[in-house]
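Q: Please take a close look at one helix of this protein. I would like to know how it sits in the rest of the chain.

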Amino acid sequence: MDNKTLLKGMVKGFEDMGGKFIKVDHFDFFFEIKKGSEIDNDEKLKRAKNALFSQFGLGLKIRRV
């Protein structure tokens with residue numbers, strides 16, 4: 001699987017669990033997370049952050065709304 005497909009899948013997964021993609025810069029992905037949604041779980045967010053960093057070298061910034 002190429003990196004572009006993997007990246008699209010990760011963004012789609014966040015959105016399916018209640019997140020909203022905001023933007024990406026050279027260092028981080030930015031998402032808004034709805035409070036109480038499926039992705040509003042510290043352990044899931046920690047695993048997602050680790051996956052983004054290991055695959056793409058990017059961090060994860062979230063804002064809970």
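A: A residue counts as buried when its relative accessible area is under 20%, and as exposed when that area is over 50%. By this rule, 28% of the 65 residues of the protein chain are buried. The model is a predicted one.

The protein chain contains 2 helices and 3 strands, and their order along the sequence is α-β-β-α-β. A compact globule of 65 residues would have a radius of gyration near 11 Å, and the protein chain agrees with this at 11 Å. Its C-alpha trace spans about 30 × 20 × 20 Å along the principal axes. The accessible surface of the protein chain is about 4600 Å², and carbon and sulfur atoms account for 54% of it.

The part to examine is helix H2, which runs over residues 42–56. This helix has 15 residues, and the distance from its first C-alpha to its last is 21 Å, close to the 21 Å expected at 1.5 Å a residue.

One side of the helix comes next. Leu 45, Ala 48 and Leu 52 are buried in H2. Viewed down the axis of H2, the buried residues fall within an arc of 60°, so they line one face of the helix. The cover over these buried residues includes helix H1 (3–16), strand S2 (28–33) and strand S3 (59–64).

The other side can now be described. On the face of H2 turned away from the buried side are the exposed residues Asp 42, Lys 46, Phe 53 and Ser 54. The C-alpha atom of Asp 42 is separated by 17 Å from that of Met 10, and the two residues are 32 residues apart along the chain.

The two ends of the helix remain. At the start of H2, Asn 41 has a side-chain oxygen that comes within 2.8 Å of the backbone nitrogen of Glu 43. After H2 comes Gly 57, with a positive phi near 70°.

In short, H2 has one face lined by its buried residues, while the face turned away from them carries exposed residues, including Lys 46 and Phe 53.

Notes: Residues numbered from 1 in each chain as written. Predicted model: local features only at pLDDT ≥ 70, side-chain atom pairs only at ≥ 80, totals over all residues. Heavy atoms only, no water. Helix = DSSP H or I, 4+ residues; strand = E, 2+ residues; numbered from the N terminus. Expected span 1.5 Å × (residues − 1). Buried < 20%, exposed > 50% of the residue type's maximum accessible area, 1.4 Å probe, protein only. Arc of directions from axis to C-beta. Contact = heavy atoms within 4.5 Å. Polar contact = N/O pair within 3.5 Å; in protein donor to acceptor, adjacent residues only side chain to side chain. Rg over C-alpha atoms; globule rule 2.2 N^0.38 Å. Areas by Shrake-Rupley, 256 points an atom, 1.4 Å probe, with all protein chains shown as cover.
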